[in-house]
Amino acid sequence: MLDVLQGFVHELRGAGLPVSMTENLDAMRGVEHIDMGDREIVRAVLGATLVKQQRHRAAFDTVFDVYFSLFSPAADDRAALDLPDELFGGMSGDMSGGGAGGDLSREELAEMLLRALQSMDVDELRRLAGMAVSQFAGMEPGRPVGGTYYLYRTLRQLDLDDLSARMMGQAQERGQIPDDPLGERLAREEFEGRLRELRKLVEEEIRRRLVADRGVEAMARTLRKPLPEDVDFMHASRDEMIQLQRAIQPLTRLLAARLAQRRRRRHRGHLDFRRTVRASMAYGGVPAEPKFRRPHPSKPEIMVVADISGSVASFARFTLQFVHAMASQFSRVRSWVFIDGIDEVTRFFEGTDDISEAVHKVNTEADVVWVDGHSDYGHAFSVFHDRHEREVTQKSSVIFLGDARNNYHASQNWVLQSLQKRARHVYWLNPEPRGYWDTGDSIISEYAKYCDGVFECRNLRQLERFVTTIAEG
Amino acid sequence: MGDRFESVVDVVTRLRGVDYLADPNIAGVVYLADKLEKPVLVEGPAGVGKTELAKAIAQSTGARLIRLQCYEGLDEAKALYEWNYKKQLLRIQADREHETSWEVVESDIFSEQFLLTRPLLEAIRAEEPVVLLIDEVDRVEIETEALLLEVLSDFQVSIPELGTIVGRQRPIVVLTSNNTRELSEALKRRCLFLHIDYPEIERETEIVRVRVPEIDANLAEQVARVVRSVRELDLKKAPSISETIDWARTLIYLGRSEITPEVIGETLHVLLKYQSDIAKARKELVDSPGERKPGIASAKR
């Protein structure tokens with residue numbers, strides 16, 4: 001058992017979770033007190049001792065499922081013992097193949113699933129999920145594909161949408177749900193929840209078989225996913241996007257609290273002459289007790305100019321969201337978005353607390369296309385300069401967001417030169433890895449000449465670091 | 001090693017006995033906290049029963065609950081101990097006539113009877129079983145957090161005039177945090193971590209039934225389902241368990257036995273506290289419950 005646990009901890013560290021020595025020891029002491037047969041309790045104990053941040057929990061759960069998958073209740077105990085043959089029995093798509101329940105047709109299986117879903121009989125569902133995987137996933141030993149592929153193949157055959165519709169239909173026929181929109185909505189959510197459960201069971205089953213085939217460590221490595229703060233903006237999948245979305249709000253709150261606290265504690269301000277003289281009266285006019293003004297927190301004004309063309313759209317969206325969520329830390333936040341035309345979008349963010357809604361409006365309502373809807377930094381910047389040059393002052397930090405891929409248009413980098421003279425700082429955030437800069441039509445160094453800093457900004461961690469620097473002035 | 005609970009199942013049954021329904025995760029961590037004698041750091045959205053958990057543990061083990069409510073500016077004098085300055089002064093004044101030497105006076109005024117114990121010291125010195133609840137620990141400054149470290153890891157404090165006071169027993173310690181700031185690594189390392197989230201429908205239904213005994217099973221389930229639906233919306237502040245319970249009570253007082261869009265419309269303000277949230281939920285559930293935004297919890301992919 002200790003070996004498994006050490007491998008487990010090793011894998012957690014490999015996935016980027018900070019697990020300290022003490023925590024490791026705690027986990028080992030912890031499992032001595034519990035019944036290793038109960039998987040959920042083992043999960044609780046290991047989770048409580050090894051993971052100290054909720055946002056790492058998903059990564060922990062993945063690793064846990066892999067390492068302890070062989071302990072999980074198997075669809076069919078016989079199959080679990082008798083590994084290779086049984087597991088890969090029902091071959092790809094071929095309905096007549098051997099293996100558990102191989103002679104059921106797709107319709108029959110769907111019918112049985114439907115019944116199990118209606119009564120929410122988890123054991124039965126698990127058994128059926130196992131059958132479905134044998135039949136539809138077409139798993140082959142040693143084949144180097146990820147679990148997602150098998151999952152996709154299985155789920156496509158099961159046709160969850162159809163199941164959902166049929167569940168609704170049958171429930172309605174039997175009058176189990178009230179015949180009004182609200183009842184329908186609740187029922188639908190309920191059924192979707194059940195289907196998610198089924199999906200989870202199928203995933204579990206696939207994972208179990210893959211682990212049996214390839215071994216725990218290899219499997220854990222293939223499933224390793226970046227932590228939310230390390231997800232690359234440019235290549236985030238839909239699920240990762242949702243995760244990022246959720247991570248942003250708490251992150252900005254934490255950051256704002258930290259900055260506010262640091263600002264408060266920073267050294268005292270200038271000498272307050274009037275109050276010092278007043279205090280000196282008590283000592284016969286000797287200024288024995290100097291008084292100081294409260295420090296005036298200098299909050300920079302932020303002007304964000306973001307490229308929102310296809311390739312970098314998601315990066316721009318997160319950064320805008322992040323910066324506007326931190327608005328209390330700055331005296332003012334203004335933002336512009338451009339592709340080849342440019343439009344100010346501050347209005348969407350002001351007077352609303354729903355920042356994701358505002359970002360949605362930016363994407364749909366901002367007027368950013370001038371000629372053909374391909375990025376033209378040069379044109380956008382010169383328009384920005386004409387309209388807003390005067391508004392840039394010693395208090396403003398101007399931040400440009402984009403990959404500087406200019407489609408071989410003129411760079412017009414004199415705009416940045418002129419802005420740099422007026423502004424407190426000019427920064428550039430580039431979502432591309434540093435190695436790609438200045439390759440192809442990227443002309444980042446043309447602009448970098450006139451920036452106070454150019455930063456690679458590929459994930460939340462880098463974004464957070466940048467925002468801390470500017471907010472501290 | 002603590003022996004307040006025999007097994008994880010025992011934790012569940014005993015917490016249930018005081019109307020706290022623990023899921024396997026909560027119960028497992030509580031059991032472990034007792035066995036390993038480590039404090040538990042409980043995190044989660046407001047109103048999911050973090051503080052309630054500490055109270056329930058105290059009640060189910062027959063221990064006294066000692067609570068330290070944290071706030072910004074909390075210091076040693078308020079958390080740990082303080083000398084009773086006024087009483088010391090009186091003691092010195094009362095001594096004037098007797099010409100006692102300073103040594104005698106000093107050893108006298110820095111003795112236990114002039115010590116004002118604050119929650120942490122009180123918990124350490126307690127003879128009877130106690131549960132120590134350090135509530136909203138994320139509100140104190142990082143410096144004050146350091147003060148907790150000695151207490152949490154060794155369960156002792158050093159008072160210069162009296163020496164080190166070691167706890168006579170190891171109570172269960174529960175810290176709660178709303179996660180308004182990141183707690184220090186050092187503190188987290190010393191604790192077991194427990195995240196409590198909004199409960200599943202079945203558990204929430206049960207909670208409602210336990211807390212509002214006069215409700216019938218059907219309505220309780222409907223309440224839980226509507227609340228889940230509301231939580232799926234993108235809100236500033238999703239309804240907490242306590243708000244669910246309040247809502248269930250409201251429905252009982254109003255004599256509703258079924259939830260219709262109209263009933264939701266009338267009572268939504270019990271569940272949600274922001275005007276923008278109420279408007280959004282009203283739009284979604286009352287005006288057009290049939291439509292829904294694509295993408296929310298889509299079962300497919």
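Predicted model: local features only at pLDDT ≥ 70, side-chain atom pairs only at ≥ 80, totals over all residues.
On the α10(B) side, the contact involves B:I201, B:E204, B:T205, B:V208 and B:R209. These meet B:A217, B:A220, B:E221, B:V223, B:A224, B:R225, B:V227 and B:R228 in α11(B). By class, the contact of α10(B) with α11(B) holds seven nonpolar residues, one polar residue and five charged residues.

Helix α7 (residues 106–119) and helix α8 (residues 122–137) of chain A have axes that come within 9 Å. These axes cross at roughly 155°. Angles over 145 degrees count as roughly antiparallel, so α7(A) is roughly antiparallel to α8(A). The crossing of α7(A) and α8(A) is left-handed. From α7(A), the residues A:L109, A:M112, A:L113 and A:A116 take part. Their partners in α8(A) are A:E124, A:L125, A:L128, A:M131 and A:A132. This contact has eight nonpolar residues, one charged residue and no polar residues.

Chain A as a whole contains 21 helices and six strands. Of its 473 residues, 37% are buried. Among contacts in chain A with a separation of 6 or more, 72% join residues 24 or more positions apart.

Burial in chain A can be followed at single helices. In helix α12 (residues 216–223) of chain A, the buried residues are A:M219, A:A220 and A:L223. They span an arc of only 100° around the axis, so they sit on the same side of α12(A). Their cover includes α1 (2–14), α4 (57–67) and α11 (181–214) of chain A. Helix α11 of chain A also holds A:G183. A residue counts as buried if 20 or more other C-beta atoms lie within 10 Å of its own. A:G183 is buried because it has 20 other C-beta atoms within 10 Å. From C-alpha to C-alpha, A:G183 and A:L151 are 31 Å apart in space. In sequence, A:G183 and A:L151 are 32 residues apart.

Backbone angles were considered next. Most residues other than glycine have a negative phi. A:A404 has a positive phi, near 55°. This residue, A:A404, lies in the loop between β4 (396–401) and α19 (414–422) of chain A. With 25 other C-beta atoms within 10 Å, A:A404 is buried. In chain B, the phi of B:F155 is also positive, near 50°. B:F155 is placed in the loop between α8 (142–154) and β6 (156–159) of chain B. B:F155 is buried, with 21 other C-beta atoms within 10 Å.

The two chains also touch each other. In this interface, 36 residues of chain B are in contact with 39 residues of chain A. On the chain B side, at least two residues each come from α2 (24–36), α9 (185–190), β9 (192–195), α11 (217–232) and α14 (275–287). Helix α2(B) gives the largest share, seven residues. By class, the side of chain B that touches chain A has 14 nonpolar, nine polar and 13 charged residues.

Notes
Residues numbered from 1 in each chain as written. Chains lettered and ligands numbered in written order. Axes fitted to C-alpha atoms, helices over the stretch in contact; angles between N-to-C directions. Helix = DSSP H or I, 4+ residues; strand = E, 2+ residues; numbered from the N terminus. Parallel < 35°, antiparallel > 145°, perpendicular 65-115°, else oblique. Left-handed = near helix turned anticlockwise from the far one by under 90°. Contact = placed C-beta atoms within 7 Å. Nonpolar A, V, L, I, M, F, W, Y, C, P; charged D, E, K, R; others polar. Buried ≥ 20, exposed ≤ 12 C-beta atoms within 10 Å, placed from the backbone. Arc of directions from axis to C-beta.
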